Amino acid sequence: MIQLYCGDGKGKTTAAVGAAVRAAGRGRKILFAQFLKGQETGEISVLSRLDGVRILRSRRDFPFFSSMTLRQKIELAAIHNGMLDEIVGALENGRADFVVLDEITHACRYGVADTERLDHILACGRGAETEIIMTGRKPPAKLMECSDYISEIHCVRHPYGNGIKARTGVEW
């Protein structure tokens, strides 16, 4: 099935990580792909040590999309589309049966992830033994329509609104 964790609240990636950990604990073959994230994070540190979990992400950190140059956007799109191709191959060859596409909604909206490749992944994810989880804000209607589960996480209050920056081990 296909799951979507969306909304403006904190916890979308955390929910996807929890689902991946649960699935890894049951012997699933996890492919955890992060889009628009390249810096070291606590969740990647832990996931990379679990048996049966493979991580796909940029090997370098890029600035926020609004601060990227055209060259950086083109480079990031090439990285993301390569990741999508790897995911297709892993699904088609049975090397993954549980895929997390963290921040895929942003990557699609910003044009740094090919939506046709994503469509192919979602079609592969319709197998009886395959689970696909997508995260991000403002998902396109197409992703909402194809999802079997949708959890919308709303922000009621967040310390960032009071000028408190992201904290190591809490937000990243």
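E103 is buried, with a relative accessible area of 14%. Buried means under 20% relative accessible area, exposed means over 50%, and partly exposed lies in between (1.4 Å probe, protein chains only). E103 sits in the loop between strand 4 and helix 4. Its phi is positive, about 65°, although E103 is not a glycine. Most residues other than glycine have a negative phi.

L36 also has a positive phi, near 60°, and is not a glycine. It is found in the loop between strand 2 and helix 2 (42-47). L36 is partly exposed, with a relative accessible area of 28%. Helices (H or I, at least four residues) and strands (E, at least two) are DSSP runs, numbered from the N terminus.

## About the model

This is a predicted model, in which local features need pLDDT of at least 70, side-chain atom pairs count only at pLDDT 80 or more, and totals for chains, interfaces and linings use all residues. Residues are numbered from 1 along each chain as its sequence is written, and side-chain values use heavy atoms, with hydrogens and water left out.

Six strands form an open sheet in the order 3-2-4-5-1-6, with parallel pairing. Two strands pair if DSSP finds at least two bridges between them. Axes are lines fitted to C-alpha atoms, for helices over the stretch in contact, and angles run from 0 to 180 degrees between N-to-C directions.

Strand 2 (residues 30-34) pairs with strand 4 (residues 98-102) in the parallel sense over five bridges. There, I30 has F98 as its bridge partner. Strand 4 in turn pairs with strand 5 over four bridges, again parallel. V99 stands opposite I132 in strand 5. Strand 1 and strand 5 run parallel, joined by five bridges, and C6 stands opposite G136.

How many residues of strand 5 are buried? Six of its six residues are. E131, I133 and T135 point one way, while I132, M134 and G136 point the other way.

## Helices across the sheet

Helix 1 (residues 12-25) lies across strand 1 (2-6), strand 2, strand 3, strand 4 and strand 5 (131-136). It runs at about 165° to strand 2. Helix 3 (residues 70-92) lies across strand 2, strand 3, strand 4 and strand 5, at about 170° to strand 2.

The 23 residues of helix 3 should span 33 Å at 1.5 Å a residue, and its end C-alpha atoms are 33 Å apart, which agrees. The expected span is 1.5 Å times one less than the number of residues. Buried residues of helix 3 include L76, H80, L84 and I87. Its buried residues pack against strand 2, strand 3, strand 4, helix 4 (104-109), helix 5 (115-124) and strand 5. Just after helix 3, G94 takes a positive phi of about 75°.

The largest nonpolar core has 32 residues. Such a core is a set of buried Ala, Val, Leu, Ile, Met, Phe, Trp, Tyr and Cys residues joined through side-chain atoms within 4.5 Å. I87, L101, I104, I132 and M134 have the most contacts inside it. Helix 3 gives this core its largest share, eight residues.

Leaving aside neighbours within four places in sequence, I104 is in contact (heavy atoms within 4.5 Å) with F35, L84, A113, L118, M134 and T135. A second, separate core of 15 residues includes V17, A24, L47 and V100.

## Loop contacts

The structure holds one aromatic pair. F65 and Y110 are stacked, 4.3 Å centre to centre with 5° between the planes. Rings of Phe, Tyr and Trp (its six-membered ring) pair if their centres lie within 6.5 Å; planes under 30 degrees apart count as stacked, over 60 as edge-to-face and the rest as tilted. F65 lies in the loop between strand 3 and helix 3 and Y110 in the loop between helix 4 and helix 5, so the pair ties together parts 45 residues apart in sequence. F65 is buried at 18% relative accessible area, whereas Y110 is partly exposed at 33%.

R60 also lies in the loop between strand 3 and helix 3. At 34% relative accessibility, R60 counts as partly exposed. It touches G38, Q72 and E75, not counting residues up to four places away in sequence.
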